[in-house]
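This report describes how the two parts of a protein chain meet. Please consult the sequence and the structure shown here alongside the text.

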Amino acid sequence: MLKLYDSRFSGNSWKIRILLNQLQKPFERHTLDLESGETKTNEFYKLNRFNRIPVLQLEDGRTIVESAAILLYLAEGSPLLPEDAYMRSQVISWLFFEQGDLQRSIPLARVYHIRGIADKMSQQIERLHADGYLGLEKLDRWLTTNDWLVGGGYTLADLALFPYVSLAHEGKFDMQRFQHINSWLDRVRSQPGLLGIFDLSSYQSV
Ligand SMILES: N[C@@H](CCC(=O)N[C@@H](CS)C(=O)NCC(=O)O)C(=O)O
């Protein structure tokens with residue numbers, strides 16, 4: 001059976017659980033505690049050379065690291081990842097955008113607030129907000145004329161951007177500014193099998 005190494009609050013891991021649930025693939029969930037350093041061990045290094053989650057371990061023991069790579073692997077052959085090379089490239093470009101333009105700013109601002117160290121980190125948070133807003137503005141602009149990120153319906157691109165964009169308010173991003181993003185988030189939330197971050201997948205065995 002597939003094994004997913006994740007943590008409770010991780011948006012990157014949430015992406016993978018949504019996809020596994022939507023594809024109805026059973027998996028074993030191994031939830032690690034990041035604050036106590038469970039990803040920093042030599043043992044965990046054998047699973048992920050970057051010492052972080054999420055990690056997907058295949059039945060034969062091989063691992064896939066980086067959430068975008070895991071999503072692409074799992075979605076292969078499903079309607080969420082177009083077969084047509086051009087349409088597929090459009091999905092992949094959003095995955096790169098998520099990693100390059102949203103991935104540091106939103107998760108870090110959120111983590112500082114969740115861990116109660118936002119006051120101490122206020123200067124860093126200001127910079128993260130400035131950076132994150134640039135990405136969110138680009139996304140909102142696209143959504144003024146498009147209901148979905150690629151083509152006429154929900155794809156892996158929407159799934160990949162949904163977790164951290166929907167969590168941005170936890171990093172005190174003012175999401176009231178982005179009405180097109182908010183409508184898109186509602187459309188994504190209404191997709192079958194879209195789990196909440198703390199929901200348990202019905203396809204999970206442990
Ligand atoms: N680019 C990576 C980022 C993964 C990442 O930042 N993981 C975080 C949790 S969401 C983590 O393991 N942090 C612990 C650490 O880096 O020590 C991905 O998309 O999978």
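## Salt bridges between the domains

A salt bridge is a side-chain nitrogen of Lys or Arg within 4 Å of a carboxyl oxygen of Asp or Glu. Across the interface of domain 1 and domain 2, the rule finds 2 salt bridges.

## Basis of the model

The model is predicted; local features need pLDDT of at least 70, side-chain atom pairs count only at pLDDT 80 or more, and totals for chains, interfaces and linings use all residues. Residues are numbered from 1 along each chain as its sequence is written, and side-chain values use heavy atoms, with hydrogens and water left out.

## Domains and their contact

Domain 1 spans 2–75 and domain 2 spans 85–189, with bounds from an automatic or database domain assignment. Their centres, taken over C-alpha atoms, are 21 Å apart. The contact (heavy atoms within 4.5 Å) takes 17 residues from domain 1 and 17 residues from domain 2.

Between them the domains bury about 1300 Å², 68% of it on carbon and sulfur atoms. Buried area is the accessible area (1.4 Å probe) that two parts lose on being put together, summed over both.

## The domain 1 side

Helix H1 (11–22) and helix H3 (67–75) are the elements that give two or more residues to the side of domain 1 touching domain 2; helices here are DSSP runs (H or I, at least four residues), numbered from the N terminus. H1 provides the largest share of that side, 7 residues.
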